[in-house]
Every structure is written in structure tokens, then in C-alpha cells.
Amino acid sequence: GLSWMDSILSGNVEAERFYNETAPELLQKALASARERFDAVLVDEAQDFLSSWWPLLDTLLVRPGVDPLIAFLDPSQDLWDRNSSLPLPMPRFPLRLNQRNTAAILRRFAPYSSTPLRCSPLAPEGEPPVELTYSTLHEERQLVERQLDHLLRYEKLDASNIALLGTHHVERSFLAGDRRLCGLPVEAIKDDGTVSAGALRYSTPRRF
């Protein structure tokens with residue numbers, strides 16, 4: 001049988017083939033049979049798109065090459081190394097103001113960004129991120145449970161508002177032997193981002 005690494009690599013190759021080849025082919029077939037077209041197309045996370053996909057998206061418009069085709073992208077988040085180019089001509093409008101994070105979080109992670117980051121003046125200060133270290137899987141579990149207990153009991157957060165991000169898939173994390181924390185089951189998120197009712201969501205940063 002395949003080792004776990006072989007399985008992961010095989011899965012990655014199949015997923016890459018689906019998104020790079022199968023999905024565009026399915027869209028092309030759908031466009032050939034569907035009559036509906038749109039007055040505008042808005043593309044989010046456009047850095048994930050291959051250059052060859054853009055002509056297909058253009059044909060979704062009522063007036064290809066005339067109607068609005070708008071793309072939001074961040075080259076720094078090109079996780080799949082697409083290095084794709086946008087269709088031309090397209091005017092570009094840099095969005096340099098961070099509207100998502102608290103000021104404390106932005107200051108903590110700004111040094112890791114290749115792009116200068118500016119915080120929105122409307123952003124709350126927020127609590128400073130805390131960095132904790134551990135030596136063993138047992139210590140890691142204890143630290144996570146301590147933080148979870150604080151969020152659940154004292155901050156009164158619902159489990160559905162918490163996501164655990166680990167550097168390994170859940171099967172190879174500190175949860176491998178016991179997938180419960182603070183009495184709650186922990187599940188890897190499904191493709192739609194959900195888990196069973198009452199469970200804690202787990203994912204890797206890349207998948208999340």
C-alpha cells in the first residue's frame with residue numbers, strides 16, 4: 001500500500017490536475033450549452049487563477065471585452081506558485097490599507113510582509129498576540145487546552161467561533177491519539193469549512 005506521504009502527494013497531484021485542467025474544461029463545456037451571461041464578473045483571490053483561465057471568464061460576460069471584469073488579488077498570497085498574468089488592458093488600483101486586523105495584530109506581523117502595511121484608523125487596538133513555546137506534544141496539548149478553556153469559560157466564546165490551526169494534518173498532530181480538547185471533539189474542517197455541531201474546527205494555515 002501507499003505510505004501516508006505517497007497518499008498526500010498523490011492527492012496533491014490529483015487536485016492540481018482537477019483545478020488546472022478538469023475545471024476549465026468543465027467550464028468550457030458549460031458555457032457551450034448554457035445561455036446565461038452576466039453584466040459583470042468579479043473574481044476574488046485572483047492570484048490563484050491561471051493565465052489560461054481568463055479568456056474563459058471573459059466569455060461569461062454579455063459583452064466580452066466591454067463589460068466589467070474585476071479582480072482582487074494579492075501576489076504575496078500566491079500559495080500555488082501560479083505566477084499568472086492578468087488580462088490586459090486592466091487598470092490597477094492598489095489597496096494599501098488593512099481593514100481586517102486589529103492594530104496589535106498588524107504591528108506583530110508587519111515585519112514579515114514584503115509589502116508595507118498600514119492599519120485603518122478605525123481599527124481597534126486589540127489584544128497583543130501571545131507567543132508560547134513547548135517541547136513535547138503533551139506540553140503542546142496542555143497549552144492549547146489552557147487557551148481554549150480561557151476562551152470558552154471566561155471569554156464565553158462559542159466553539160463555532162474558534163478555529164485551531166496546526167502545522168500538521170490532524171492525523172499527525174498532538175491530537176492524533178485523542179481528538180478531544182476541553183471535553184469537545186476536534187474535527188478537520190470539511191471543504192465547505194464546517195464540522196459537526198459542537199465540534200472544534202481544525203485545519204492547517206494553507207488549507208484554512
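Biologist: How many bridges join strand S7 (residues 184–188) to strand S8 (residues 200–203), and do the two run parallel or antiparallel?

Modeller: Three bridges join S7 to S8, and these strands run parallel. Two strands pair if DSSP finds at least two bridges between them, and the elements are DSSP runs numbered from the N terminus (helices: H or I, at least four residues; strands: E, at least two). Across this pairing, Glu 187 faces Arg 201 in S8, and Val 186 stands opposite Leu 200 in S8. Keep in mind that this is a predicted model: local features need pLDDT of at least 70, side-chain atom pairs count only at pLDDT 80 or more, and totals for chains, interfaces and linings use all residues. Residues are numbered from 1 along each chain as its sequence is written, and side-chain values use heavy atoms, with hydrogens and water left out.

Biologist: What is the strand order in the open sheet of four strands?

Modeller: Read it as S5-S8-S7-S6, with mixed pairing. Strand S5 (163–165) and strand S6 (180–181) are at the edges with a single partner strand each, so one side of each has no neighbour in the sheet.

Biologist: How do S6 and S7 run, parallel or antiparallel?

Modeller: Antiparallel, joined by two bridges. Leu 181 has Leu 184 in S7 as its bridge partner. The hairpin of S6 and S7 has two residues between the strands, and Cys 182 takes a positive phi near 50 degrees there.

Biologist: On to charges. How many salt bridges are there?

Modeller: Side chains of opposite charge can pair when their charged atoms come close. The cut-off is a side-chain nitrogen of Lys or Arg within 4 Å of a carboxyl oxygen of Asp or Glu. By that rule there are five. One of them joins Arg 63 and Asp 67, at 2.8 Å from N to O.

Biologist: Is Asp 67 buried or exposed?

Modeller: Asp 67 is buried, at 8% relative accessibility, because buried means under 20% relative accessible area (exposed is over 50%, partly exposed in between; 1.4 Å probe, protein chains only). Arg 63 is partly exposed at 48%.

Biologist: Which residue forms a salt bridge with Arg 107?

Modeller: Glu 125, with the closest N and O atoms 2.4 Å apart. That pair links distant parts of the chain, 18 residues apart: Arg 107 sits in helix H3 (residues 103–109), and Glu 125 in the loop between strand S4 (118–119) and helix H4 (137–154). Arg 108 has a salt bridge too, with Glu 131 at 2.8 Å between the closest N and O atoms. Arg 108 is in helix H3 and Glu 131 in the loop between S4 and H4, so this pair ties together parts 23 residues apart in sequence. Glu 131 is exposed at 61%, while Arg 108 is partly exposed at 29%.

Biologist: Which residues form the nonpolar patch on the surface?

Modeller: Leu 42, Ile 70, Phe 72 and Leu 95, with about 430 Å² of accessible area together. Patch members have over 30% relative accessible area and no salt bridge; like charges are joined within 9 Å, nonpolar side chains (Val, Leu, Ile, Met, Phe, Trp, Tyr) within 5 Å. The areas come from the Shrake-Rupley method with a 1.4 Å probe, and for residues only the protein chains shown count as cover. Phe 72 lies in the loop between strand S2 (69–71) and strand S3 (97–98), and is partly exposed at 39%.
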